[in-house]
Amino acid sequence: MERERLNQLRHLVIESKHIHDKLISRTPAIRTYGDTTGDYRTGRKRIIITRGDTDPVEDRYIRRMTEKKKLIDIEIYHMEEWLESIESSRSRNVLRLYFQEGLTQSEIGERLSIDRSVVSRIITEAVE
């Protein structure tokens with residue numbers, strides 16, 4: 001798989017996390033309230049939850065996240081096909097953490113208990 005395509009995947013993942021964080025940090029703008037209505041099959045009343053107006057900024061963040069997620073899913077599919085050709089499971093794990101999860105080389109090294117330079121070498125050798 002081409003290095004540029006792998007880097008694009010990594011940047012999409014990081015961007016998606018950033019958009020998600022922005023969305024989470026916003027105060028909820030959706031007003032929810034309940035209303036009752038008669039359930040005509042049983043004759044009993046039941047609660048129906050209806051949603052109020054949504055925040056257009058929040059809607060934009062959600063649309064952007066959805067678009068990014070679709071692109072990420074396509075690229076991950078292609079990356080997984082490419083990863084099948086790599087024999088070492090450690091290399092596959094490093095590549096997934098780096099490109100699919102967007103972790104730094106230091107974070108990967110800590111998680112897998114290997115030196116950052118080893119992580120860097122694995123990435124460099126795999127994409128060349």
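**Helix contacts in a predicted model**

User: Which residues in H4 meet which ones in H5?
Analyst: In this predicted model, Gln105, Ser106, Ile108 and Gly109 of H4 are in contact with Arg116, Val119, Ser120 and Ile123 of H5.

User: And how do those residues divide into nonpolar, polar and charged?
Analyst: The contact of H4 with H5 is made up of three nonpolar residues, four polar ones and one charged one.

User: At what angle do the axes of H4 and H5 cross, roughly?
Analyst: The axes of H4, which covers residues 105–112, and H5, which covers residues 116–127, cross at roughly 110° and come within 8 Å of each other. Since angles of 65 to 115 degrees count as roughly perpendicular, the two helices H4 and H5 are therefore described as roughly perpendicular to each other.

User: Left-handed or right-handed, that crossing of H4 and H5?
Analyst: The crossing of H4 and H5 is right-handed.

User: Switching to H1 and H2, how do their axes cross?
Analyst: The axes of H1 and H2, the latter spanning residues 56–83, cross at roughly 150° and come within 9 Å. That angle makes H1 roughly antiparallel to H2, because the term applies to angles over 145 degrees. As for handedness, the crossing of H1 and H2 is left-handed.

User: What kinds of residues, nonpolar, polar or charged, form the contact of H1 with H2?
Analyst: The residues of that contact between H1 and H2 divide into 14 nonpolar, seven charged and three polar.

User: Where is Ser16 found?
Analyst: Ser16 lies in helix H1, which runs over residues 3–25.

User: Does Ser16 count as buried or exposed, and why?
Analyst: Ser16 counts as buried because its relative accessibility is 16%, and the cut-off for a buried residue is under 20%.

User: What does Ser16 touch?
Analyst: Leaving aside residues up to four places away in sequence, Ser16 touches Lys68 and Ile72.

User: Zooming out, how many helices and strands does the protein chain have?
Analyst: The protein chain has five helices and two strands, and along the sequence these follow the pattern α-β-β-α-α-α-α.

User: What share of the residues is buried?
Analyst: Of the 128 residues in the protein chain, 31% are buried. The accessible surface of the chain comes to about 9,000 Å², and carbon and sulfur atoms account for 48% of that surface.

User: And what percentage of contacts join residues at least 24 apart?
Analyst: Taking the contacts in the protein chain between residues at least 6 apart in sequence, 56% join residues at least 24 apart.

Methods
Residues numbered from 1 in each chain as written. Predicted model: local features only at pLDDT ≥ 70, side-chain atom pairs only at ≥ 80, totals over all residues. Heavy atoms only, no water. Helix = DSSP H or I, 4+ residues; strand = E, 2+ residues; numbered from the N terminus. Buried < 20%, exposed > 50% of the residue type's maximum accessible area, 1.4 Å probe, protein only. Contact = heavy atoms within 4.5 Å. Axes fitted to C-alpha atoms, helices over the stretch in contact; angles between N-to-C directions. Parallel < 35°, antiparallel > 145°, perpendicular 65-115°, else oblique. Left-handed = near helix turned anticlockwise from the far one by under 90°. Nonpolar A, V, L, I, M, F, W, Y, C, P; charged D, E, K, R; others polar. Areas by Shrake-Rupley, 256 points an atom, 1.4 Å probe, with all protein chains shown as cover.
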